[in-house]
Amino acid sequence: MEKNWSTLSPEEKREKRFEKWISTEGRHFNSPAAEQKYKDIVTRFIKAIKLEEPDRVPVMLPTGTTPIYMAGMTYKEAMYDNEKLIKAYMDVFRVFKADDYAAPMIASGKASELLDTKCSKYPGHGLPEDGHGNQFVEGEYMKSDEYDLFINDMSDFVFRCYLPRTMGLLEPLTMFPPLPNSLGFPNMFLSAMSNPQVQDMLLKMVEYGREEAKWQIPFMKFRQMAMAEGYPAMMGAYAHAPFDLMGDTLRGTRGIIMDMYRQPGKLHQAMEKIVPLNIKIAVDGANMSGVPIAVFPLHKGDDTMMSDKQYREFYWPTFRKVIMGIYEQGVVPLLFAEGKYNERLEIIKDLPRGAVIWYFDQTDMFKAKEILGNHACLMGNVPTSMLCTAKAEDVKEYCRKLIEIVGKGGGYILAGGASLDKGIPENIHAMSEAAFEYGVYKK
C-alpha cells in the first residue's frame, strides 16, 4: 500500500486496486494477443462494477464440476487423482468461451481422510461411493452456553473448542491449556506435547501438509496456464456475513434461531465481535492476491429464512458494517445472495452507489433491475434447473432477455444462479453464445 493510503477516499483506493489488477507488469503471457485479452477482460469487469457499459456484457459460466463428468470420471476419482482431475479441466479450457475459466475446487481425498472432518461429507465419507460433491454438515460446534468464551477469548475458543469439534485429526487440541495461561509460563503451552495422542496428531499434521502441498502443484500450473492465455483471476478473497458465520459455522440453523429468541443480546455481541475479523480477512486476501474482489456466500438471509423485521434486526446491521469496512479499503464485495432476495431489495439498497456486486441466485432479476439497477452491479441468475433440464434454445432465449433488460445501460454480469455439478454442455454453450451474440453494447 502507498504511504498516503489512509488519506485516500474509498473510490480512490478502489481505483488504485483496479490499476494493480489490470496491470500486466510481472505477468507472463504466451503472446501479445493474450496480454491484450487479459486487459480487455479486466476492463470489461471494471466497467460493469462501475455501472458503465463495457464493450460487451461479461459472462461467467457456472461450469462447476461438469468437466470431471465430461471426462468420464466420478467425483471420488477426482478427489484422489489430481493429474487426471486437472487434465479434465484442461480439456474443456477452450471448449466454453467466456470471460473466466472453469477452475477445479475439489479437495484431496487423502488429505480429507487425514483431517477426518466432522462438518463435511463426500463420496466414501458419509456419501455413497458414486455420490458427487461435498455436503456441509451443520452442527452446534459452539454450545449455547459458550457465548462468553467466544466473545471474551475467541482465539482460545477456536483453538481448544471449534477446531477439535470439526476435525477428528485435531481432537487432541482439547488437551492443551487455555492459551492465555502461557503468558509468563511459555513452557505450559508445550506441556501437552508429552501426550502420545498429541504427538500422533502432530505427525499426521505434517503428513497432511505434505499431501496438500503435493495436491496443489497441478492446480497452480493450471492457474498459471490460464493467466498466460489471458484469463485473469476473478476472486481475490472470501468472507462471511456475521449472522451466516454464527449460524453456518458455529451454532447451526436450529441453534441460532433459538438464540434469536432466548439470548439475542449475546448473539448481537458475538456478531459485533466478528465484524472487524471479516473485514480484515477480506482486505488481507485482496492485498495478497492483487484481485480487488471479495466473495461472500450468503446462506441465511433469504426471504424464507427470516422475516424482514428479523433481517433488519439480526442480519443486515453487522453485515452492512462488514461491507462498508471492505468498501472503505477499496475492495469490491461480491455478495452471492443464495435463495431469494425479492423482499430484501429495498433494504440492501442502503449502500453507496457502485460499491458492490449483487450476485443473485433465484431472485427476480427484473425486479432487482428496477430497484437496484442504477445503484449496484447485478450478476446472475440463469436458473440451475434450466441449465440441467431445459433445451439449449430455451437457455439462450432466457439469457437474451436477461442481457437486454437487466444489462440495459451497463452494470450487469451474466452468470448462472449457482455452480453446476453434472451440467449439460450444450446449455453451457448456449449461455456463452447469448453473451457474445446479444451482449455487445452499440456505441
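**Cavity, pocket and helix contacts**

Tutor: The largest cavity holds about 40 Å³ of space. Here a cavity is, on a 1 Å grid over the protein atoms alone, a set of points where a 1.4 Å probe fits but cannot get out; points are joined across faces, edges and corners, and the volume is the space filled by probe spheres set on them. This is a predicted model, where local features need pLDDT of at least 70, side-chain atom pairs count only at pLDDT 80 or more, and totals for chains, interfaces and linings use all residues. Residues are numbered from 1 along each chain as its sequence is written, and side-chain values use heavy atoms, with hydrogens and water left out.

Student: How many cavities of 30 Å³ or more does the count come to?

Tutor: One, by this rule.

Student: And which residues line the largest cavity?

Tutor: Phe45, Met60, Met234, Met235, Ile293, Leu334, Ile357, Met379 and Ile413, where lining means having an atom within 4 Å of a point. By class that is nine nonpolar, no polar and no charged. For the classes, Ala, Val, Leu, Ile, Met, Phe, Trp, Tyr, Cys and Pro count as nonpolar, Asp, Glu, Lys and Arg as charged, and the others, Gly among them, as polar.

Student: At roughly what angle do the axes of α1 and α2 cross?

Tutor: Roughly 160 degrees, and the axes of α1 (residues 10–22) and α2 (residues 32–49) come within 9 Å. So α1 is roughly antiparallel to α2 (an angle over 145 degrees). Angles run from 0 to 180 degrees between N-to-C directions, with axes fitted to C-alpha atoms over the stretch in contact. Helices are DSSP runs of H or I with at least four residues, strands are runs of E with at least two, and both are numbered from the N terminus.

Student: Switching topic: how much space lies in the second largest pocket?

Tutor: About 290 Å³. A pocket is an open set with protein on both sides within 12 Å along at least five of seven lines. Its lining has 15 residues, with Val158, Leu245, Thr249, Leu277 and Ile281 nearest the centre.

Student: Which helices each supply at least two residues of that lining?

Tutor: α8 (154–166), α11 (242–262) and α12 (264–289). The lining divides into twelve nonpolar, three polar and no charged residues.

Student: How do the axes of α11 and α12 cross?

Tutor: At roughly 165 degrees, coming within 10 Å. That makes α11 roughly antiparallel to α12. Leu245, which lies near the pocket centre list above, also takes part in the α11 contact with α12, and the α12 side includes Leu267, Ile274 and Asn278.

Notes
Angles under 35 degrees count as roughly parallel, over 145 as roughly antiparallel, 65 to 115 as roughly perpendicular and the rest as oblique. Contact means heavy atoms within 4.5 Å.
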